[in-house]
Amino acid sequence: MRKDQSMSKKTQKSKDAALAKQFIAGIGKHFANAESMAFGSATLTPAELTKRLQTLVDLRTAVNDAKATAKAQLADETTQAPALLGLLTEFESFVKVTFSKSPDVLADFGLAPRKVSTPLTVVQKAAAATKRKATRDARQTMGKKQKQAITGNVVDVVVTPVTRPKPVASAPVATAPAPAAGSATSGSTPHGA
């Protein structure tokens, strides 16, 4: 990258192409009459330099066009493929059913014939049963009835129920009116006046 390392490559390439366009315009304006220019350990005529810079611009334009075309094609594939894949799957099923007895015809469609399962011999069945039992024993796998037969004994466990105390409703407190100013309070009320 040239100036800013944090800038994305795509953005930098687009900026480089834009700068090359500006340089082409500047070369035509300020170096049109020059025979050659020596820089960067090379000597180029203005026409050669313009041609090389134009190649950079053309490359970036072609990449951007290809990306736009690819993006449009991806969008087309995304919208059309599901229905077409469904059609492909249905036709595959149709071909398999139609030519199930003809492996050579299935091969023409790139399909393998359905494998015919060979029945196990008595020795193979006995070996498989022994292997299953050994696996169940090693993993301590049990059936439904075996699991129900297992119970645990709980010894010396005291369960203390936790209860929440019921909230106590507080009664409203009545307040007595304050005595009037200038009256004597003796703590008792007069009884007859």
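Predicted model: local features only at pLDDT ≥ 70, side-chain atom pairs only at ≥ 80, totals over all residues.
Which residues form a nonpolar patch on the surface, and with how much accessible area together? Local features require a pLDDT of at least 70 and side-chain atom pairs a pLDDT of 80 or more, whereas totals for chains, interfaces and linings use all residues. Residues are numbered from 1 along each chain as its sequence is written, and side-chain values use heavy atoms, with hydrogens and water left out.

**Figure 1. Nonpolar surface patch of F91, F94 and F109.** These three phenylalanines together have about 330 Å² of accessible area (Shrake-Rupley method, 1.4 Å probe; for residues, only the protein chains shown count as cover). A patch is made of residues with over 30% relative accessible area and no salt bridge; nonpolar side chains (Val, Leu, Ile, Met, Phe, Trp, Tyr) are joined within 5 Å, and like charges within 9 Å. F109 is located in the loop between α3 (103–108) and α4 (122–139). The relative accessible area of F109 is 41%, so this residue is partly exposed (buried means under 20%, exposed over 50%, and partly exposed in between, with a 1.4 Å probe and protein chains only).

**Figure 2. Overview of the protein fold.** The secondary structure consists of 5 helices and 2 strands, arranged from the N terminus as α-β-β-α-α-α-α. Helices (H or I, at least four residues) and strands (E, at least two) are DSSP runs, numbered from the N terminus. Of the 193 residues, 8% count as buried. The accessible surface comes to about 17500 Å², and carbon and sulfur atoms account for 60% of this area. Where contacts (heavy atoms within 4.5 Å) link residues at least 6 apart in sequence, 25% of them join residues at least 24 apart.

**Figure 3. The largest nonpolar core.** Eight residues contribute to this core: A20, I24, I27, M37, L44, L49, L53 and V57. A nonpolar core is a set of buried Ala, Val, Leu, Ile, Met, Phe, Trp, Tyr and Cys residues joined through side-chain atoms within 4.5 Å. Helices α1 (9–30) and α2 (46–98) are the elements that give two or more residues to the core. Leaving out residues up to four places away in sequence, A20 touches L53, L56 and V57. Q22 also belongs to helix α1, but has a relative accessible area of 57% and is therefore exposed. The C-alpha atoms of Q22 and L53 are 9.9 Å apart in space, while the two residues are 31 apart in sequence.

**Figure 4. The buried arginine R60.** R60 is placed in helix α2. Although buried, R60 has no salt bridge (a side-chain nitrogen of Lys or Arg within 4 Å of a carboxyl oxygen of Asp or Glu). The nearest side chain of opposite charge belongs to D16, 8.2 Å away; Lys and Arg count as positive and Asp and Glu as negative, while His and the chain ends are not counted. Apart from neighbours within four places in sequence, R60 is in contact with K13, S14, A17 and K67.

**Figure 5. The 2 salt bridges of the structure.** In one view, the side chains of K96 and E92 meet at 3.2 Å, N to O. These residues are 4 apart in helix α2 and are therefore separated by about one helical turn. K96, at 39% relative accessibility, counts as partly exposed, as does E92 at 32%. In another view, K133 pairs with D137, with the closest N and O atoms 3.0 Å apart. K133 and D137 both lie in helix α4, 4 residues apart, about one turn of the helix. K133 is exposed, with a relative accessible area of 53%, whereas D137, at 48%, is partly exposed.

Figure 6. S41 lies in the loop between strands β1 (37–39) and β2 (42–44), and has a relative accessible area of 82%, so the residue is exposed. With 64% relative accessibility, Q140 counts as exposed.
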